[in-house]
Each structure stands twice: as C-alpha cells, then as structure tokens.
Amino acid sequence: MVWYAWRFLNWVWLKPKKNEKCLRDQGLNGSSYKFLFGDLKEVVNMLREAKSTPINLNNEIVPRVLPFDHKSYTAYGKICFTWMGTTPKVQITDPSMVREVLANNYQFQKPRGGNPLIRTLGAGLTDADGDRWSKHRKIVNPAFHVEKLKHMVPAIYVSCAEMINKWEERLKKERSCEVDVWPYLQTLSSDVISRTAFGSNIEEGKRIFELQRELAVLVIDAIQSLYIPGSRFLPTKKNNRIKKIDREGKAPDMSYVVNGNEYKYGYYLGDGIYPEYATFVKSFSFPADEKRKLFKLAQESAQKDVERAFGVLKQRWHIIKHPARTWDRAKLTTVLTACVNMVLHEVLRLYPPAVGLGRMTHEETKLGDMTLPAGTFLQLQIMLMHHDRDVWGDDVSEFKPERFSEGVSKVTKGQTSYLPFGGGPRICVGLNFALLEAKMALVMILQRFCFHLSPSYSHAPHTIVTLQPQFGAHLILRKL
Ligand code: HEM
C-alpha cells in the first residue's frame, strides 16, 4: 500500500514539480503545474469558447485554432512549457531546434505513452518508430516515386471528374448555385486513395475512410477530457464504438515480398507497391488493350485539362504581370505552373493541415542548450511558425503567393520555418502525391467554374486531427 501510495504521489505531484524546476532552472518560462490536470481544464475551456463563434474573414486564425498554445506563446515566449495533465509539454517554434528534433528521429520519437486511444488513430508507418519505422518506410517509399505517381494520374482524374460531374449536375437547372464543397473535397481525397491503393476494392477503401473519420471525432473528444488509466475499458457507448471501429476499420493485413523477405503490412498504402498499380487497372472490367487505351485517354485528357485550365488561370490571375501575348507557350506553361505552386505553398503556410507535430523524449535528452527530462512532450508548432511576423514580415497574415516567387529557402532565409509536410527523415511520404492531386483538382475546377464565397460561409477553422472548416466551405459556383 505504501509503495502504491508513493508511486501515486510521485506521478501526480513530485515528478511534475521536479520536472518544472528542471525546466525553470534552465531559463524556460511556462505555466505552474496544477495537481493532476495540469493545464487541461484551461485548454478545453479555451477551445470550447473559441469554437463557439466564427471569426472575421481574415487569415489571423491562430487564436481560434490553438487558443491555449497561442496564449502561452504570447505570455512565455517562443520556447516555453505547459502541462498536459502530469506531462510537461515544451512548445517549440525556434527553427534550429525544430530542425534538430526532426533530424534525430530515433532520439525524438512519436508520442507513445499517455492515452492509448491516440494509438488507434495511427496506422502503420505514421505511428511506427525505430527499426519498425525504418523497415516500413523502405517498403512504402518506392510507391511514391515520381515514376509511380505518373500512373496515378488517371485515378486522380477519374475521382476529380466524378466530383465535378456532381456539381455540373446541380448547375444544369440553374445558372449558379451554392455548394458546400468541403464534404466533396473530403470524399475526393479518400476516393483517390481508395482508387490508387485499394484498386479493385474501392468500396472497401471508402468504407474504411468513413470509419476512420468517425473514429477521429470520437478519439479527439475522449482525449480532451482527463485521461484516467484503464477508463477506455469501461463498456460505455463511445468506448464500444471506438473498439468496433478499431477492429473493423483497418485495411486487411497484407504481406509483401521485397528482396526475398516477406513483410506483413497493415497500412493501406502498402497496396501501392504492386507494380504499375495493377490493382487499379483491375478495377476496370475491360480487356487488356482496352485498359491500355483507357489509361492513355485519361492521361491525355488530364493533360488537356491542365493546359486549358492554365489558359483560364492566365486570364484571371493578376500575379502574372507580363503580357502573355509576347510569351511562347512553353514559357507561359512554366510560369503558370510556378503560379499554381506558389498558391499552394501560400495556402499550406496560412492553413497547414498539420498544425503541430508531437515528439517525446524517452530519456534525459539534450536539445540546443537545454536538457529535457525523460517523458517530455515536444510540440513543434508548425502553425505558429507559419504565422510568425519575425519570419514572414508585417504582411504575415496576408494571402500573398508571390512571396514564394524565389522559392521557399529564399523567403525563409534558409531557416526551417516552413514545414507543412514535416521534415527530416519522417517528412510526409505522400507529399508529391498530395500536391499532384491538389494541382489536378484545382486546375480541373478552375477550368469549368468560376466561384466566390457564399454569404452563408462562416470562417471557422478548427482541428479534428487536421485543420478543417468547422461549418463547411460554402461557395457560389457558376459554370464557365
Ligand atoms: C496536403 C496533404 C498532406 C499534408 C499537409 C501532410 C502532412 C504530413 C506531415 C506534417 C507529416 C509528418 C508527421 C510527423 O512528422 O509527425 C506527414 C507524414 C506522413 N504522411 Fe502526410 N500529409 C499530406 C498528405 C499525405 C498523403 C496524401 C499521404 C498518403 C497517400 C500521406 C502519408 C503520410 C505518411 C505515411 C506519413 C508518415 C511518414 C513517416 O513517419 O515516415 N500524407 N504528413
């Protein structure tokens, strides 16, 4: 009994206070540890308050999306600490420290301890660490090579076309209409992955995405309350649903043979390793030569779409200051491609889907001049860095794609301050895939519609794992 009492006391009070002293002694500012809950109550209250109302239509979104982190950053500085229950959370926005953490992925691993519910959200590569991660990453990497991505163009094209057809269907009866494009865009992302990775089993892919989305909402809800060890085993309605989804919402375990070694791999994207996306081809019930023709056709029409959309972009985008007439076609295409890239960079700067990256120390670890105690949670504050006036200048909150006109490293002065896809060895494996999909969707939409924000749109970015529009994205669409 005495031993248990001692351990409990150590967990809820002595250890957090010792860690707090250790951090303060090194010159770090932060909130004082509060018994058991740490800052959890304030985090939840501030988030609830922030989410209760939309904000004005501007890009100053950090106080709404990360109210508590933003407050701590303002009050205690760029490197500071707060408390996730009994765990110290060190918040980092310093580019050189962020780089150090990301570069040393064996020392700073993905958060593991704490609430086991969080683990249900990870799948395969995203939550693996150490040798398991390295093995999985080696298997998955080839599936995303540029050569392989080319074969995904038809799948992305078909998914985009399906979405656009639905909008066009609605515009058959009226000249313009209001569409909440958010659910369509969500379906598009999962649809593309279902087609490229699940191949012949698209419906199964879609079902798993639906379940994963529901799981994310349930788990986020659960982790925003105090974590009591063992509470997830209570037979509550939510816990039962989480368990059921965790059982059913996983891609089937598949095995792959690479260099004579057999690997079991449960992550759906593993399917993409099949040579030339044979599984995708299988989904069409055509004879082989018809399939080839279909691919060629889809690729050609995708290409035409891109070119036509570039034409539309050329007319509409004020970024292009030079008269297009005097330019040859190749030059124009290069400039317009650069424009689309700059636009996507700027969107991902102001609205990074991953607002922060979490890492954990498992033993006493040096970072810069600091020595962090074992069990410290590190929050690399991507969104705060992307909105840092010191890095981006006084126009930090303006949507100005042209700031990227001379590349990312020029605008960030070579610092690690722009990280929408993370960095270091664990940089997003789907980066090129995601950008290819975004570009194709953007140009296919621009080619067919003009649009503006609907008066019923409420500006309310929030996070459910990733950054999302809380009340949807309502546009007024008109056929071109
Ligand atoms: C705009 C879209 C996307 C963004 C902003 C994004 C962002 C990120 C970020 C920030 C990380 C690093 C996480 C960390 O270090 O803790 C990451 C990792 C990862 N992403 Fe993405 N991602 C996107 C799309 C995709 C897509 C489409 C796929 C798959 C098809 C994908 C697959 C992965 C995987 C497997 C990892 C884990 C890599 C590893 O740990 O080695 N991502 N992503």
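The side chain of Q109 reaches the backbone oxygen of Y106 at 3.1 Å, a polar contact in the sense of a pair of N or O atoms within 3.5 Å; within protein, one must be able to donate a hydrogen and the other to accept it, and residues adjacent in sequence count only if both atoms are side-chain atoms. This is a predicted model, in which local features need pLDDT of at least 70 and side-chain atom pairs count only at pLDDT 80 or more, while totals for chains, interfaces and linings use all residues. Residues are numbered from 1 along each chain as its sequence is written, and side-chain values use heavy atoms, with hydrogens and water left out.

- Q109 is found in strand β4, residues 108–109; helices (H or I, at least four residues) and strands (E, at least two) are DSSP runs, numbered from the N terminus.
- Q109 counts as buried because its relative accessibility is 16%; buried means under 20% relative accessible area, exposed over 50%, and partly exposed in between, with a 1.4 Å probe and protein chains only.
- Leaving aside neighbours within four places in sequence, Q109 is in contact with D129, G130, G358, R359, M360 and H362, where contact means heavy atoms within 4.5 Å.

**The protein as a whole**

- The protein contains 19 helices and 15 strands.
- Of its 480 residues, 47% are buried.
- Among the contacts with a separation of 6 or more, 69% are between residues 24 or more positions apart.

**The ligand and its iron atom**

- C428 (SG) is the single donor that the protein gives to the iron atom of the ligand, at 2.3 Å. Donors are N, O and S atoms within 2.8 Å of the metal (3.2 Å for Na, K and Ca); water is not among the atoms, so sites may look incomplete.
- C428 lies in the loop between α18 (408–411) and α19 (431–448).
- There are 21 residues around the ligand, of which W133, R137, R359, R426 and C428 come nearest; a residue is near a molecule or strand if one of its heavy atoms lies within 4 Å of it.
- Two or more residues of the shell around the ligand come from each of α7 (130–140), β8 (357–361) and α19.
- The shell residues divide into 14 nonpolar, 3 polar and 4 charged. Here Ala, Val, Leu, Ile, Met, Phe, Trp, Tyr, Cys and Pro count as nonpolar, Asp, Glu, Lys and Arg as charged, and the others, Gly among them, as polar.

- V12, P16, N19, E20 and L23 are buried in α1.
- An α-helix has 3.6 residues a turn, so residues three or four places apart point the same way.
- The buried residues of α1 pack against β2 (79–84), β3 (87–92) and β10 (370–372).
- G27 follows α1 and has a positive phi, near 90 degrees; its place is in the loop between α1 and β1 (29–30).
- G27 counts as exposed because its relative accessibility is 60%.
- From C-alpha to C-alpha, G27 and C80 are 9.5 Å apart in space, although 53 residues apart in sequence.

**Other loop residues**

- D395 lies in the loop between α17 (389–392) and α18, and its side chain makes a polar contact of 2.7 Å with the side chain of K400.
- E364 lies in the loop between β8 and β9 (365–367) and counts as exposed because its relative accessibility is 62%.
- E364 touches T371, L372, P373 and A374, apart from residues up to four places away in sequence.

- Most residues other than glycine have a negative phi.
- L36 is not a glycine, yet it has a positive phi of about 65 degrees; L36 is in the loop between β1 and α2 (40–51).
- V465, also a residue other than glycine, has a positive phi near 65 degrees, and lies in the loop between β13 (461–464) and β14 (466–469).
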